[in-house]
Amino acid sequence: MSSRIEREKLHDSKIKENAEDVWGWTTPGGKLRAQRRADYFLTLTQMNASSKVLEIGCGTGLFTEKVSTSGAQIIATDLSEDLLAVARKKNIPNCVFEEADAHQLKYADASFDIVFGSSILHHLDMMVSLKEVYRVLKPGGKMVFAEPNMLNPQILVQKNVPFIKRWLGDSPDETAIVRWKLSKQLAQLGFKNSKIFPYDFLHPYTPQALIGFVKGFGGAIEKTPLLKEIAGSVIIYAEK
């Protein structure tokens with residue numbers, strides 16, 4: 001596990017100056033995708049000012065800042081002090097940034113109402129980290145994550161062909177989500193009322209002139225059986 005963590009830290013140190021560009025969040029399409037993702041985090045969990053929230057893999061604090069509009073008390077964590085230094089400069093209210101390992105969270109059992117994260121589980125040993133998520137959630141607590149979908153053709157190639165993986169800037173250990181498999185794993189860990197659904201056909205590098213068309217077309221595909229399974233991302237929601 002420690003070698004995996006060190007590889008992730010090394011990867012993050014290399015991209016710290018332009019991480020949000022590397023992750024595709026700064027383009028016109030990327031900004032729309034980020035806001036839609038944050039809206040799922042907020043609405044699915046019903047996050048509000050009374051919520052005690054843990055974010056795993058906060059990176060530069062992009063999604064921390066977006067969900068902070070709820071007024072929730074947030075502890076935002078990451079392995080990388082390099083990325084946390086960027087996040088702290090945003091001076092996000094009601095938020096504390098801390099270094100923490102999602103495989104061994106330093107928080108007490110039943111500490112949080114909500115645990116969330118964006119594009120983080122696929123970097124981790126998912127069963128180990130989700131077991132920790134379950135442990136730190138209060139009874140009735142909620143978790144929500146957004147992750148890449150392994151059934152998307154680009155993601156399938158990107159996560160499984162080593163030279164393409166390196167070329168596109170992925171870290172060595174990251175993978176993607178197969179939602180049926182993960183649904184069974186969540187049940188094994190004790191989560192209930194889980195739902196994992198594919199969404200998002202808007203690529204971050206969609207030309208601005210085509211964004212409206214792609215959003216409309218993608219929205220229709222998201223409602224179409226079978227075709228929706230190749231969406232770029234999945235939302236993962238479950239309760240303790």
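Which residues line the second largest pocket? The legends below begin with that site.

The structure is a predicted model, in which local features need pLDDT of at least 70, side-chain atom pairs count only at pLDDT 80 or more, and totals for chains, interfaces and linings use all residues. Residues are numbered from 1 along each chain as its sequence is written, and side-chain values use heavy atoms, with hydrogens and water left out.

**View 1. Lining of the second largest pocket.** The lining consists of L32, R33, R36, D200, F201, L202, V214, K215, G218, G219 and E222. A pocket is an open set of points on a 1 Å grid over the protein atoms alone, where a 1.4 Å probe fits, with protein on both sides within 12 Å along at least five of seven lines; lining residues have an atom within 4 Å of a point. Two elements, α3 (28-45) and α10 (211-222), each give two or more residues to this lining, and the largest share, five residues, belongs to α10. Helices are DSSP runs (H or I) of at least four residues and strands are runs (E) of at least two, numbered from the N terminus. By residue type, the lining holds four nonpolar, two polar and five charged residues.

**View 2. Salt bridge between D200 and R33.** The two side chains meet at 2.7 Å, N to O. A salt bridge is defined as a side-chain nitrogen of Lys or Arg within 4 Å of a carboxyl oxygen of Asp or Glu; nine are counted by this rule. D200 belongs to the loop between β6 (192-199) and α10, whereas R33 belongs to helix α3, 167 residues apart. Both D200 and R33 are buried, where buried means under 20% relative accessible area, exposed over 50%, and partly exposed in between (1.4 Å probe, protein chains only).

**View 3. Salt bridge between E222 and R36.** The side chains of E222 and R36 meet at 2.8 Å, N to O. Because E222 lies in helix α10 and R36 in helix α3, the pair ties together parts that are 186 residues apart in sequence. E222 is buried, with a relative accessible area of 17%, while R36 is partly exposed, at 30%.

**View 4. Salt bridge between K106 and E98.** The closest N and O atoms of K106 and E98 are 3.8 Å apart. K106 is exposed, with a relative accessible area of 52%, and E98 is partly exposed, at 22%.

Key: Ala, Val, Leu, Ile, Met, Phe, Trp, Tyr, Cys and Pro count as nonpolar, Asp, Glu, Lys and Arg as charged, and the others, Gly among them, as polar.
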